[in-house]
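Subject: Structure handover

Hello,

Here is the structure I promised to pass on. Please open it alongside this note, which goes through what turned up.

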Amino acid sequence: MNINVIGTGNVGSVLARRFAEAGHRVTTANTATGVELSARQAAEAELTVLAVPFGAVAELADEVKAALVGRIVVDATNPLAADFMSLTVGHTTSGGEQVAAALPGATVVKAFNTVMAGGMETGSFGGLRLLLPVAGDDRAAVKTVVELGAELGFDAVDAGPLGNARYLEPAVELLIQLAFGQGLGAGIGFALARA
């Protein structure tokens with residue numbers, strides 16, 4: 001699969017490397033990448049991952065937004081406050097729904113936002129596969145992203161419609177509170193127990 005990752009920070013760089021290791025053709029773009037190059041990469045990709053700060057989505061160039069029409073866009077962002085210790089939206093909307101509104105015509109799927117950057121490396125901690133909930137309104141797109149997550153070693157599950165991002169985004173804030181507010185460290189994540 002041709003995958004474009006927009007964002008080359010902690011999450012974007014790890015995902016780009018891991019997708020490439022899994023055999024996918026990967027291109028990357030960051031805020032310094034030219035608009036024309038970013039738009040071309042997005043247009044050529046079957047799937048684009050947004051691994052940028054939530055506020056940067058609104059700043060995507062019109063050419064990039066246009067290139068994402070008809071494409072699967074994986075929203076790995078979280079609407080975190082500047083100090084990372086709270087969310088800026090919730091209850092009546094979500095960052096995922098706002099990303100979809102900012103990218104009309106794109107098929108937005110919420111995923112990879114509930115895993116701390118360290119967990120991206122292996123998809124597991126202590127022998128347990130990390131839970132990777134995937135939410136979106138297009139069932140085929142969700143299935144594609146679930147399969148990608150499983151390729152990377154995650155326990156990837158269909159988490160329902162995009163509106164369920166309202167529950168996924170607070171989950172990562174809980175991880176942040178535990179990791180940094182309570183001092184457990186960044187080597188933590190969620191696992192889904194099954195009977």
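First, a term: a cavity is a set of points, on a 1 Å grid over the protein atoms alone, where a 1.4 Å probe fits but cannot get out. A pocket is an open set with protein on both sides within 12 Å along at least five of seven lines. Lining residues have an atom within 4 Å of a point. Points are joined across faces, edges and corners, and a volume is the space filled by probe spheres set on them.

Some ground rules. The model is predicted, so local features need pLDDT of at least 70 and side-chain atom pairs count only at pLDDT 80 or more, while totals for chains, interfaces and linings use all residues. Residues are numbered from 1 along each chain as its sequence is written, and side-chain values use heavy atoms, with hydrogens and water left out.

Overall fold

The chain has seven helices and nine strands. Helices (H or I, at least four residues) and strands (E, at least two) are DSSP runs, numbered from the N terminus. The radius of gyration is 15 Å, close to the 16 Å that the globule rule gives for 195 residues, so the chain is as compact as a globular protein of that length. That radius is taken over C-alpha atoms, and the rule is 2.2 Å times the number of residues to the power 0.38. Along the principal axes, the C-alpha atoms fill a box of roughly 45 × 35 × 30 Å.

Of the 195 residues, 47% are buried. Buried means under 20% relative accessible area, exposed over 50%, and partly exposed in between (1.4 Å probe, protein chains only). Contact means heavy atoms within 4.5 Å. Among contacts with a separation of 6 or more, 71% join residues 24 or more positions apart.

The cavity

The whole structure holds one cavity of 30 Å³ or more. About 30 Å³ of space lies in the largest cavity. Its lining is Asn-2, Ile-3, Arg-25, Thr-27, Gln-41, Glu-44 and Ala-45. Strand E1 (2-6), strand E2 (25-29) and helix H2 (35-44) each give two or more residues to that lining. By class, the lining has two nonpolar, three polar and two charged residues. Here Ala, Val, Leu, Ile, Met, Phe, Trp, Tyr, Cys and Pro count as nonpolar, Asp, Glu, Lys and Arg as charged, and the others, Gly among them, as polar.

Arg-25 sits in strand E2. Arg-25 is partly exposed, with a relative accessible area of 46%. Leaving aside neighbours within four places in sequence, Arg-25 is in contact with Met-1, Asn-2, Ile-3 and Glu-44.

H2 has Ser-38, Ala-39, Gln-41 and Ala-42 as its buried residues. They cover an arc of only 165 degrees around the axis, which puts them on the same side of H2. The arc is that of the directions from the helix axis to the C-beta atoms. E1, E2, E3 and helix H3 (62-67) are included in what covers them.

The pocket

The largest pocket has a volume of about 670 Å³. It is lined by 25 residues, and Asn-10, Val-11, Asn-78, Leu-80 and Phe-84 lie nearest its centre. Helix H1 (10-21), helix H5 (117-120) and helix H7 (165-181) each supply at least two lining residues. The lining has 18 nonpolar, seven polar and no charged residues.

Glu-169 is in helix H7. Is Glu-169 buried or exposed? At 1% relative accessibility, Glu-169 counts as buried. Beyond four places in sequence, Glu-169 is in contact with Asn-78, Pro-79, Leu-87, Val-89, Ser-94, Gly-95, Gly-96, Lys-110 and Asn-113.

In helix H4 (residues 95-102), the buried residues are Gly-95, Gly-96 and Val-99. They cover an arc of only 100 degrees around the axis, which puts them on the same side of H4. The buried residues of H4 pack against strand E3 (47-50), strand E4 (72-75), strand E5 (107-110) and H7.

Backbone points to check

Most residues other than glycine have a negative phi. Phe-84, in the loop between E4 and H4, has a positive phi near 65 degrees. Phe-112, in the loop between E5 and H5, also has a positive phi, of about 65 degrees. Phe-112 is buried, with a relative accessible area of 2%.

Best wishes
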